[in-house]
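The following questions and answers examine a protein model step by step. Please consult the sequence and the 3D structure while reading.

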Amino acid sequence: MTPIGIDDIELATTHHVVRLDDFAEVNGTDPNKFRLGLGQDEFSFPAPDEDIVTMAAAAAAPIIERSGTEGIRTMLFATESGTDQSKAAGMAVHSLLELPSQMRIIEVKEACYSATAALQAAVGIVTRSPGQRVLVIASDVARYELDTAGEPTQGAGAVAMLVSANPRLLEIEPVSGLNSADVDDFWRPNDSTTAIVDGALSVTAYLDSLTGAWNDLQTQDGPGIDEIDRILYHQPFTKMAKKAQVHLAGLTGAVLDTEIVAGAQTASASDPRDTGLAASTLYNRRLGNSYTASLYAGLCSLLDHDSDLAGRRIGLFSYGSGSVGEFFTARVVPGYEQHSHRETVTAALDARVPLSIDEYRALHATELPSAEDVSTPKVTAGPFRFAGVTGRARVYERS
Ligand code: CAA
């Protein structure tokens, strides 16, 4: 069977960053609450002329530059933070990147899970037409109300992936474990720019979904825990990946690494297996939550920081509140390390401009007027910008 999977991947984020040490100081909180308690150091925050489209286009542009557009007839744009009730955000990306007209473009939604649905749909399209390639983009701005428990877990980022036959990075395996349950753990009503969340319920719903998806994977004759070399989780905050790993270890009886900081694992009589937990959380500690992109930012981090992945099987757990969970597996293609983006991702994270907490709070509170034309100030140093609203339509341009 022709292998199908991720041929190329890119991560992009915002112009600004909020440092949780600054946040802790202003709020009178112990900084270790964030560093250790949540496993987060910073979160990305969009400038007024950035949104899910500008991040998505910035992530997809280098892929198109490297690979061209031949065979790309579909773009699947996964997001929780859509900018319009009707028009797919991917239409603006299509325009900014001057992609061919002979394409179908849609937006996919189910909280943080939808990028995985998009990825599986892309695999299906390429299975039917192996000459085609599919552009999958996950892009989100995670926003909670100010002064809530969710606030320090905000963030923003986009991951673009090119799905093809004979991929150069990851071959996606056909079996996956699924779990759906109607639960109100996290959602965002149509008239709200911030998510509503029951934090404690969201954590247990995530872990219940992991149980359901893992058990289904086993029922479907998927690989057992000893046949999986690395494990990636959706990371709303990186400590959640640790909680998930402890939960999976309990479910399977396996002895797995549980430290999200490299080198923090203490040696014991039964040394835990290194499943890449620390390597896969390095980017997310700095991005914050990027909803649909978060699991795939974890994948970028693992690919860029683990030099022993060739031929290894990765398990990926995708979770979207509401809720859908999927546990699927993939094999890393030898030679993957030649496509590392570690330097560019690290440079982009380092280049973000810090906001003071006052500046951040003012930006957070800014809302676009709903009925008037508006131009946004030129702030972003990224390649694309959200220029404003004309006649109630959003306008984008190259920076
Ligand atoms: N030093 C070290 N650790 C500290 C500390 C300190 N000084 N102070 C507190 N902590 C630890 C606590 O012990 C706790 O650890 P455990 O989780 O291991 O028990 C941790 O910091 C968190 O502290 P709290 O229990 O006080 O919880 P909180 O009020 O900070 O809220 C939260 C945590 C509920 C996750 C909140 O951040 C939230 O609502 N986040 C948004 C929802 C979310 O991300 N849910 C995750 C699952 S849903 C999902 O995955 C979808 C999605 O993307 C949203």
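Q: At roughly what angle do the axes of helix α6 (residues 199–219) and helix α7 (residues 238–252) cross?
A: This is a predicted model, in which local features need pLDDT of at least 70, side-chain atom pairs count only at pLDDT 80 or more, and totals for chains, interfaces and linings use all residues. Residues are numbered from 1 along each chain as its sequence is written, and side-chain values use heavy atoms, with hydrogens and water left out. Helices are DSSP runs (H or I, at least four residues), and strands are runs of E of at least two residues, both numbered from the N terminus. The axes, lines fitted to C-alpha atoms over the stretch in contact, with angles from 0 to 180 degrees between N-to-C directions, come within 10 Å for α6 and α7 and cross at roughly 40°.

Q: Which word describes the orientation of α6 and α7 to each other?
A: Angles under 35 degrees count as roughly parallel, over 145 as roughly antiparallel, 65 to 115 as roughly perpendicular and the rest as oblique. The axes of α6 and α7 cross at roughly 40°. The two helices α6 and α7 are therefore oblique.

Q: How far from an oxygen atom of the ligand does a polar side-chain atom of Lys243 lie?
A: Lys243 is among the residues that come nearest to the ligand, together with Lys33, Ser202, His234 and Lys239. A residue is near if one of its heavy atoms lies within 4 Å, while a polar contact is a pair of N or O atoms within 3.5 Å. For His234, a polar side-chain atom is 2.8 Å from a ligand oxygen atom. For Lys243, the corresponding value is 2.4 Å.

Q: Where is Ala111, whose phi is near 45°?
A: Most residues other than glycine have a negative phi. Ala111 has a positive value although it is not glycine. Its place is in the loop between β5 (104–108) and α5 (114–128).

Q: Which peptide bond is cis, with omega near 5°?
A: Most peptide bonds are trans. Ser323 lies in the loop between β12 (313–320) and β13 (324–332). The cis bond is the one from Gly322 to Ser323.

Terms used:
A polar contact is a pair of N or O atoms within 3.5 Å; within protein, one must be able to donate a hydrogen and the other to accept it, and residues adjacent in sequence count only if both atoms are side-chain atoms.
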